[in-house]
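I opened this entry to note what I looked up in the structure, beginning with the chain as a whole and ending with one residue.

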Amino acid sequence: MTSGSNGRDLMAGPPPTHLPADPADGELAGGDSPAAVVRRHPDSPAAWAALAQQAQDAGADDVTVYAYARVGYHRSLDRLRRNGWKGHGPVPWEHEPNRGFLRSLALLALAARAIGETDEWERCSTFLRDSSAAAADALLG
C-alpha cells in the first residue's frame, strides 16, 4: 500500500540505522588496549564491547562482563537515538560501525544468561535478532 503522492510503502518498517564511524574501532584495530580506548572514548559502544569481550576471554567473573556490556549497550542506545533510530528497526551487522552496539547487546545477553537473569537474556537475545538476524547468528550461534 502506498500513500498519496510520496509513494511511501505504509506497510514497510523503519529504515535501517547506519551509525557513523566510531573512532574507537581504528584504535582497537591498531592494537590499543580496550581499557585505554574506553578512557579516550567513554561514549564508544565498540570500546565497551571490546572491554567486555576481553574480560570474558580472560575468564573474568560473569558479573564483570555483564557490567561492561551493559555500559556498551546504554552508550549504544544513546548513539542510535542521536542517529534517527526510533526504538526499533534494523541495525545491520553488515554496516561495520553498527557492530559495537550489536556486540555489546550480544555480550549482555550472554552474560545475563550466565548469571541466571533469564528475562534479560530473552529480551536482549530477541532485541539482537530483531535488530540483525546476521548478528544474532554470528554472535549467539
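I took buried to mean under 20% relative accessible area, exposed over 50%, and partly exposed in between, with a 1.4 Å probe and protein chains only. On that basis I found that 40% of the 141 residues of the chain count as buried.

I kept in mind that this is a predicted model, in which local features need pLDDT of at least 70 and side-chain atom pairs count only at pLDDT 80 or more, while totals for chains, interfaces and linings use all residues. I also noted that residues are numbered from 1 along each chain as its sequence is written, and that side-chain values use heavy atoms, with hydrogens and water left out.

I then went through the secondary structure, where helices (H or I, at least four residues) and strands (E, at least two) are DSSP runs numbered from the N terminus. The chain has seven helices and two strands, in the order β-β-α-α-α-α-α-α-α from the N terminus.

For contacts, meaning heavy atoms within 4.5 Å, I read that 58% of those with a separation of 6 or more in the chain are between residues 24 or more positions apart. The C-alpha atoms fill a box of roughly 55 × 35 × 20 Å along the principal axes.

Last, where does threonine 126 lie? I found threonine 126 in helix H6, which covers residues 118–131, and its relative accessible area of 44% makes it partly exposed. From threonine 126 to serine 104 I noted 22 residues in sequence and 14 Å in space, C-alpha to C-alpha.
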